[in-house]
Amino acid sequence: MNRFEVEHAKFLESQMRQASGMRLEALKKHGAGEKKLLEILFSIFKSFDNFILEYEIVTSTGVRNYIDAFYVPLGIAFEAEGFVVHAEKITRDRFDSERNKVRSRQ
C-alpha cells in the first residue's frame, strides 16, 4: 500500500466513527469517484488535516445536502461529479437539486 492508500483508509474510518445519520450513510457509499477526488487533494495538501467528508450544507432553497469534501481553513467545498451519481440514474428534480448544491454558499 502506498502512503495515500494508508492515509485514505485511516481518514475514512475516522470520519465514519464521528458520523451518524445521513452523513454516515453517505460515507458508507464512498466510492471510486470520491476516492479519486481525495487522491488529488492529498497530492496537493499532503494530508487530510482540516478536511471533512460529507459535510452538511443547507442549499439556498432550504434543502439539506452533503458535499464530498470540505476544507475548513479556506471554506472550500470539493465535489466529485461522477456521471452515474449526478446525471445518468437520477430524476430531473434530483438533477436540479445537484446543480443547486454546487451553486450554494455556506
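Me: How many residues stand between E1 and E2 in their hairpin, and which residue in the turn has a positive phi?

Reply: In this predicted model, five residues separate E1 from E2 in the hairpin, and Gly62 in the turn has a positive phi of about 90°. Residues are numbered from 1 along each chain as its sequence is written, and side-chain values use heavy atoms, with hydrogens and water left out. As the model is predicted, local features need pLDDT of at least 70 and side-chain atom pairs count only at pLDDT 80 or more, whereas totals for chains, interfaces and linings use all residues.

Me: What makes E1 and E2 a pair, and in which sense do they run?

Reply: Strands (E, DSSP runs of at least two residues, numbered from the N terminus, as are helices, H or I, of at least four) pair if DSSP finds at least two bridges between them. E1 and E2 are joined by seven bridges and run antiparallel, so they meet that condition.

Me: Why is strand E2 described as largely enclosed?

Reply: Buried means under 20% relative accessible area, exposed over 50%, and partly exposed in between (1.4 Å probe, protein chains only). Seven of the eight residues of strand E2 (residues 64–71) are buried, so the strand is largely enclosed by the rest of the structure.

Me: Why is Phe51 called buried?

Reply: Its relative accessible area is 4%, which lies under the 20% limit, and therefore Phe51 counts as buried.

Me: What makes the aromatic pair of Phe51 and Phe78 tilted?

Reply: Rings of Phe, Tyr and Trp (its six-membered ring) pair if their centres lie within 6.5 Å; planes under 30 degrees apart count as stacked, over 60 as edge-to-face and the rest as tilted. By this rule the count comes to nine aromatic pairs. For Phe51 and Phe78 the centres are 6.2 Å apart and the planes stand at 45°, so the rings pair and the pair is tilted. This pair links distant parts of the chain, with Phe51 in strand E1 (residues 51–58) and Phe78 in strand E3 (residues 76–78), 27 residues apart.
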